[in-house]
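This briefing goes through selected features of one protein model, grouped by topic. Please keep the sequence and the structure open while reading.

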Amino acid sequence: MFHIVHTCLQEPNSTETMPQLELLMPKMGESITEATILKWLKKVGDRIELDEAVLEIATDKVDSEVPSTCEGILLQILYPLNAVVPVGKAIAIIGSEAAKPNMPVTPYVEKVAPSVFKSAHSNGSTHGKSATTGIAALKPSESNRFYSPLVRTIAQKEQISKTELESIAGTGQNSRVTKNDILDYVENRKTVVSPAPSPVIPVKTLIETPISTIMLPKPPLETVGTSVSGNVEIIEMDRMRKLIAEHMVYSKHTSPHVTSFVEADVTNLVLWREKVKGEFQKKYNENMTFTPIFIEAVVKAIKDFPMINVSVEGTKILVKKEVNIGMATALPSGNLIVPVVKNADWLNLAGITRQVNDLANRARHNKLKPDEIQNGTFTLTNVGSFGNVMGTPIINQPQVAILATGAIQKKPAVLETEFGDVIAIRRMMFLSLSYDHRVVDGMLGGSFLRRVADYLEQFDGKRTI
């Protein structure tokens, strides 16, 4: 996971001191290119053991600790708190005790170069120099704000001046300008510059236009100019809540949501669990909840309807051969995270239970690894754990469907027997499936949901563990 430029070990009887080692920003997943430093757990001069946590970092996916790749003395911290550092960059120097007195401590400090802004303020304009020249010269060390390479590239391409870039309100960590912020700014700027009404696109042209070229405006998360009066407490969203909000808005603008409902009789399932949960605990040292049983039924239904286990990329449908089930987990903070049970179709009920319990426990203690919340192909959310009978969940992009399981309740129900219909007390629950109507029609969505309910209703009450 981490790369070092020298080995930490020395040859036997060697009199050479330990080389200085670079602790690099680790790769936290395929889509992660940078991370924000949240907290340094060690200070310069501290002794560090092998695999001891040195700092805490945050990505768009998860917060994590960075352990040391060897033992030694922390000689130099290269980036301050809240710095956004690309993956693979050195963030600290570790060396031997002998190197400590002679090692200069020069932590990375962002400085503002007045000459960078001289041309922008000269005569109140930027005449004589193009905006692209200004952006190309605006390096991270020459501004009070950090701009990622992607943001600077977009600014250069769109000819956004230094002054404009500094004025953009950022939604990232410490008001950092994200890719979405600058793209929204570009879109709004084009709207202001071009007051002419948008042309009417003929239906035939719209139908023949590739989906990947149709751009929908992304509404901001913040409401500007909101009037507040009376006894009101204003609470700023934390970083995770901002990410959740952005992800949910993005999902609703990406996928046309449709939700279908069924009611299932899960009496046999409930009675079986009550009968075997004590024995299961003794045999596997795991507490059996309903979630693993629901996941098992979902996996079976996905095998029957593989087109529910897909994602959309432009006009292409990507059919996933792996069945990775995300399970929405509420955190003590009130936020939500979705750890993923990988290759759930390879696991039996005991294996799924062990994975579910482990992921849920580590999620609540902020101990998940970045790859454990990525690459899900379908998501399950148990709204019944909050006493809700049903829900209409929002799809977890880039997936195309999400299942909500409601509370299990005792209800009178009509049973068909060889002696005629009778009314009996049964354990009933609602299941709801939200799906992306771009690729999942009512027949597929409804049939898949009904199949999940069938597997739950037909649960074998004589099943052994």
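Predicted model: local features only at pLDDT ≥ 70, side-chain atom pairs only at ≥ 80, totals over all residues.

The protein has 465 residues, of which 40% count as buried. Its secondary structure comprises eleven helices and 19 strands. Among contacts with a separation of 6 or more, 63% join residues 24 or more positions apart.

**Second largest pocket**

- The volume of the second largest pocket is about 420 Å³.
- This pocket is lined by 19 residues, and those closest to its centre are Thr291, Ala328, Arg364, Asn382 and Ser385.
- Two or more lining residues come from each of helix H9 (290-304), strand E13 (329-330), helix H10 (349-364) and strand E16 (378-382).
- H10 gives the largest share of the lining, with four residues.
- Sorted by class, the lining of the second largest pocket consists of ten nonpolar, eight polar and one charged residues.

**Aromatic pairs**

- A pair of aromatic rings is described by two values, the distance of the centres and the angle of the planes.
- The count of aromatic pairs in the model is four, and one of them joins Phe280 and Tyr284, with 4.7 Å centre to centre and 45° between the planes.
- Phe280 and Tyr284 are separated by about one helical turn, because they are four residues apart in helix H8 (residues 267-284).
- Phe280 counts as buried because its relative accessibility is 2%, whereas Tyr284, with a relative accessible area of 22%, is partly exposed.
- Phe290 and Phe294 form a stacked pair, at 6.1 Å centre to centre and with 15° between the planes.
- Both Phe290 and Phe294 belong to helix H9, where they are four residues apart, about one turn of the helix.
- Phe294 has a relative accessible area of 3% and is therefore buried.

**Charges over rings**

- Arg463 lies over the face of Trp272, and here the distance from the ring centre is 6.0 Å.

**Gly442**

- Gly442 is part of helix H11, which covers residues 442-457.
- The relative accessibility of Gly442 is 40%, so this residue counts as partly exposed.
- Apart from neighbours within four places in sequence, Gly442 is in contact with Tyr435, His437 and Ser447.
- In sequence, Gly442 and Val258 are 184 residues apart, but in space their separation is 8.2 Å, C-alpha to C-alpha.

**Asp46**

- Asp46 sits in the loop that runs between strand E2 (34-40) and strand E3 (47-48).
- Asp46 counts as buried because its relative accessibility is 18%, and the cut-off for that class is under 20%.
- Not counting residues up to four places away in sequence, Asp46 touches Gly72, Ile73 and Leu74.

Conventions:
Residues numbered from 1 in each chain as written. Heavy atoms only, no water. 1 Å grid on protein atoms, 1.4 Å probe; cavity = no way out; pocket = protein on both sides within 12 Å on 5 of 7 lines; lining within 4 Å. Points joined across faces, edges and corners; volume = space filled by probe spheres on them. Nonpolar A, V, L, I, M, F, W, Y, C, P; charged D, E, K, R; others polar. Buried < 20%, exposed > 50% of the residue type's maximum accessible area, 1.4 Å probe, protein only. Contact = heavy atoms within 4.5 Å. Phe/Tyr/Trp six-rings, centres within 6.5 Å; stacked < 30°, edge-to-face > 60°. Lys NZ or Arg CZ within 6 Å of the ring centre and 35° of its normal.
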